[in-house]
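Please open the model in a viewer and keep the selection tool at hand. The stops below proceed from pockets to core to strands.

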Amino acid sequence: MNQVVDLVLERIDSGNLTAEEAYHVRYGVLHEDMHTEAFSYTRQTLGYAVPSGLLEFTGRTRTKEDIGGGPLPGDVKIPGGTYMLGAPRDEPFAFDNEKWAHSAAIEAFSIAWAAVTQAEFAAFVDDGGYQKEALWTEEGWNWRGEEDSLHPVHWRAGTGGWERRNFDRWVPLEPHRPVIHINFYEAEAYCRWAGRRLPTEAEWELAASGEPDPSGAGFTERKRRYPWGDEPSTPERANLDWRHMGCVDVGAFPKGDSAFGCRQMLGNTWEWTSSEFAPFPGFVADDYKDYSEPWFYTRRVLRGGAWPTRSRLARNLYRNYFTPERKDVWTGFRTCAL
């Protein structure tokens with residue numbers, strides 16, 4: 001294996017990669033980034049401590065910019081129209097499930113400025129949300145009964161209120177940070193309780209990558225690669241790369257806002273959408289044929305990336321997908337008005 005790695009690195013260093021070779025090199029690196037993130041939530045699931053080497057790494061790269069914080073209540077209005085969902089054909093790299101951009105009719109909608117916070121979700125829990133069958137779908141209620149869940153995983157009632165387990169430590173809830181380790185069923189139930197709904201995948205991507213036209217009544221044809229524009233992520237724009245060793249307040253990172261004003265569309269926490277993971281029109285599997293195709297119609301789409309997601313992987317087009325009962329991953333959600 002070492003010999004293979006050395007030969008690959010030698011080929012990369014030659015500077016003479018073909019387009020196909022460059023694609024496979026990038027594919028391999030990004031796929032390993034996904035596994036690195038999986039190691040992070042596995043450590044959380046098992047209650048392991050954060051690796052000391054990682055603490056040292058993030059300590060060296062932690063920035064001192066004032067990224068802001070606090071809550072960010074309210075909605076932003078997004079105009080309707082025909083939006084090109086998916087990767088444009090001039091995108092430098094795209095996974096097979098992102099290909100290719102195709103028209104999607106979207107009605108005007110209102111989406112939350114920020115993800116649902118721990119304090120907001122605690123109000124749902126305290127109101128007996130996990131015990132009110134009417135708030136849950138049949139599948140969700142069956143899951144809740146099988147799991148005997150009365151609150152999010154990694155939460156417990158402490159002497160001073162709710163606490164959550166952060167790797168190997170119990171800490172009081174941070175009211176303005178996004179709620180995490182929430183599965184699709186829990187997100188749906190919260191939305192019904194709050195009189196809200198989850199965004200569709202197309203709505204989410206439009207809110208993250210679209211730009212309003214001069215009239216404000218529509219949007220242009222331009223799609224941003226990242227919420228803030230086409231430039232790669234920087235420390236003051238998004239909580240990625242383990243930089244803050246966990247979530248930050250939903251009001252942080254105003255420099256990373258989308259053109260419509262949505263905050264933290266990349267980083268901090270993955271966000272559930274209401275959309276089923278399905279192929280785009282004309283889908284063709286890439287060389288790694290088991291990356292997408294076997295999982296169509298069995299999972300829900302998540303967007304945005306979380307705090308341990310690598311910044312070179314996170315972008316507006318990236319589609320993540322998990323089965324609806326998964327709560328071990330770094331998942332939260334934002335809501336839309338009905």
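**Pockets**

The second largest pocket has a volume of about 330 Å³; a pocket is an open set of points on a 1 Å grid over the protein atoms alone, where a 1.4 Å probe fits, with protein on both sides within 12 Å along at least five of seven lines. Volume here is the space filled by probe spheres set on the points, which are joined across faces, edges and corners. Select Arg26, Phe93, Tyr226, Arg312 and Arg315, which are the closest to the centre of this second pocket among its 15 lining residues, a lining residue having an atom within 4 Å of a point. Its lining comprises seven nonpolar, two polar and six charged residues, where Ala, Val, Leu, Ile, Met, Phe, Trp, Tyr, Cys and Pro count as nonpolar, Asp, Glu, Lys and Arg as charged, and the others, Gly among them, as polar.

The model is predicted: local features need pLDDT of at least 70 and side-chain atom pairs count only at pLDDT 80 or more, while totals for chains, interfaces and linings use all residues. Residues are numbered from 1 along each chain as its sequence is written, and side-chain values use heavy atoms, with hydrogens and water left out.

Next, move to the largest pocket, with a volume of about 470 Å³. Of its 21 lining residues, Met34, Tyr41, Asn320, Tyr321 and Phe322 are the closest to the centre. Helix α2 provides the largest share of this lining, six residues; helices (H or I, at least four residues) and strands (E, at least two) are DSSP runs, numbered from the N terminus.

**Core**

Select Phe95, Phe121, Phe124, Trp136, Trp272, Trp330 and Phe333, the residues with the most contacts inside the largest nonpolar core, which has 53 residues. Such a core is a set of buried Ala, Val, Leu, Ile, Met, Phe, Trp, Tyr and Cys residues joined through side-chain atoms within 4.5 Å, buried meaning under 20% relative accessible area with a 1.4 Å probe, protein chains only. A second, separate core of 25 residues includes Ile78, Leu206, Met265 and Ala314.

**Strands**

Show strand β1 (residues 75-78): Val76 and Ile78 form its covered face, Asp75 and Lys77 its uncovered one. β1 pairs with β4 (residues 109-112) in the antiparallel sense over four bridges, pairing requiring at least two DSSP bridges between the strands.

Finally, select the open sheet of four strands, ordered β11-β10-β9-β12, with mixed pairing. Its edge strands, β11 and β12 (331-332), each pair on one side only.

Methods:
Buried means under 20% relative accessible area, exposed over 50%, partly exposed in between (1.4 Å probe, protein chains only).
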